[in-house]
Amino acid sequence: LKAKDRTARHVRKLLSDARDLVASCGFRRWSDLRADVVERDLRRRREAGLAVRTSNHKLTALREFSRWVVGSGLAVEDPLRTLKALN
């Protein structure tokens, strides 16, 4: 993100959102990432009062990370590729 000239604030926010979602889902390794777990966790959190916009930000942050991992050649497939933000 820094290489793309993103602001330090933007980088911190994305990292915070991605880490929050990873922790909430209980993921510890790349192989743990599963779209259904992310979807279920975000739905549970929205039902508890998380705004759709915030849910989308967290999902977008984690998806950006997963796309970077695949794009960097560190993984062959993106386990979160099917997830889309809500309207």
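Before you click, a word on helices: helices (H or I, at least four residues) and strands (E, at least two) are DSSP runs, numbered from the N terminus. Axes are lines fitted to C-alpha atoms, for helices over the stretch in contact, and angles run from 0 to 180 degrees between N-to-C directions. Keep in mind that this is a predicted model, where local features need pLDDT of at least 70 and side-chain atom pairs count only at pLDDT 80 or more, while totals for chains, interfaces and linings use all residues. Residues are numbered from 1 along each chain as its sequence is written, and side-chain values use heavy atoms, with hydrogens and water left out.

**Stop 1: α2 and α3**

Select residues 35–47 for helix α2 and residues 52–71 for helix α3: they pack at about 155°, their axes 10 Å apart. That angle makes α2 roughly antiparallel to α3 (under 35 degrees counts as roughly parallel, over 145 as roughly antiparallel, 65 to 115 as roughly perpendicular and the rest as oblique). Now show side chains. From α2, Val 38, Leu 42, Arg 45 and Arg 46 meet Val 52, Ser 55, Lys 58, Leu 59 and Leu 62 of α3; contact means heavy atoms within 4.5 Å. By class, these are 5 nonpolar, 1 polar and 3 charged residues (Ala, Val, Leu, Ile, Met, Phe, Trp, Tyr, Cys and Pro count as nonpolar, Asp, Glu, Lys and Arg as charged, and the others, Gly among them, as polar).

**Stop 2**

**Stop 3: Asp 41**

Go back to α2 and pick Asp 41. Is Asp 41 buried or exposed? It is buried, with a relative accessible area of 6% (buried is under 20%, exposed over 50%, partly exposed in between, with a 1.4 Å probe and protein chains only). Leaving aside neighbours within four places in sequence, Asp 41 touches Leu 21, Ser 24 and Cys 25.

**Stop 4: the rings**

Finish with Trp 30, Phe 65 and Trp 68, which ring pairs link into a cluster. Rings of Phe, Tyr and Trp (its six-membered ring) pair if their centres lie within 6.5 Å; planes under 30 degrees apart count as stacked, over 60 as edge-to-face and the rest as tilted. The structure holds 2 aromatic pairs. Trp 30 with Phe 65 is edge-to-face, 6.2 Å centre to centre with 70° between the planes. Trp 30 lies in the loop between α1 and α2 and Phe 65 in helix α3, so this pair ties together parts 35 residues apart in sequence.
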